[in-house]
Amino acid sequence: MKDEFELLVEKYADTVTRICFVNLENRADAEDAWQNVFLKLFKAKPLWQKPDNELRKWIVTVTLNECRDIKRKLFRRNHYDIDELQVTYTEDFNKELIREIRKLPFKYLQVIVLYYLEGYSIKEISDILSEKENTVKSRLKRGRELLKGGLSNE
């Protein structure tokens, strides 16, 4: 059982890490969300036998929900600037772009992250978020417009 779970953690750790770090504003919150996602996966052993696409959809959905829950609680705590942290994944991306993505409202941020950083199709995002494909397309378009406006203002 332990080996099977470890393989799942290895397989999905990068995806969960990227989603957590882009969605949350400090390393501690991102680590908490990451840990909660895999704790939930550990407790949901029947899911381990599901096909990869179903399991990945479940993991991404749980990760987004964890990030949303943590963001709701953020106003009660002190904050640290994530840009001060040395996070290896951000080295692959333009830091200014990551900063602008974080400023987006959550509904746009999540589709931008899933589409561009995680490589999901619009159909897959629609399934993950339980939204219509046209809603996802609209949010993606609006998110791009907001990013374009934010990046050109600086």
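This is a predicted model: local features need pLDDT of at least 70, side-chain atom pairs count only at pLDDT 80 or more; totals for chains, interfaces and linings use all residues.

Residues are numbered from 1 along each chain as its sequence is written, and side-chain values use heavy atoms, leaving out hydrogens and water. Helices are DSSP runs (H or I, at least four residues), numbered from the N terminus.

**α2 and α3**

- Helix α2 (residues 27-43) packs against α3 at about 140°, with the axes 9 Å apart; axes are lines fitted to C-alpha atoms over the stretch in contact, and angles run from 0 to 180 degrees between N-to-C directions.
- The two helices α2 and α3 are therefore oblique to each other, a label for angles that are not under 35 degrees (roughly parallel), over 145 (roughly antiparallel) or 65 to 115 (roughly perpendicular).
- The contact (heavy atoms within 4.5 Å) includes Ala33, Val37 and Leu41 of α2 and Trp58, Ile59 and Val62 of α3.
- By class, the residues of this contact divide into eight nonpolar, two polar and four charged; Ala, Val, Leu, Ile, Met, Phe, Trp, Tyr, Cys and Pro count as nonpolar, Asp, Glu, Lys and Arg as charged, and the others, Gly among them, as polar.

**α3 and α5**

- The axes of α3 and α5 come within 12 Å and cross at roughly 145°.
- Val60, Leu64, Arg68 and Lys71 of α3 meet Phe106, Leu109, Gln110 and Leu114 of α5.
- Five nonpolar, one polar and two charged residues make up this contact of α3 with α5.

**α5 and α6**

- Helix α5 (residues 106-117) and α6 have axes that come within 10 Å and cross at roughly 135°, and α5 and α6 are therefore oblique to each other.
- On the α5 side the contact involves Gln110, Val111, Leu114 and Tyr115, and on the α6 side Ile122, Ile125, Ile128 and Leu129.
- This contact of α5 with α6 has seven nonpolar residues, one polar and no charged.

**The largest pocket**

- The largest pocket has a volume of about 170 Å³; a pocket is an open set of points on a 1 Å grid where a 1.4 Å probe fits, with protein on both sides within 12 Å along at least five of seven lines, and lining residues have an atom within 4 Å of a point.
- Its lining includes Asp52, Arg56, Tyr120 and Ile128.
- The largest share of the lining, five residues, comes from α3.
- By class, the lining of the largest pocket has two nonpolar, one polar and six charged residues.

Terms used. Grid points are joined across faces, edges and corners, and a volume is the space filled by probe spheres set on the points.
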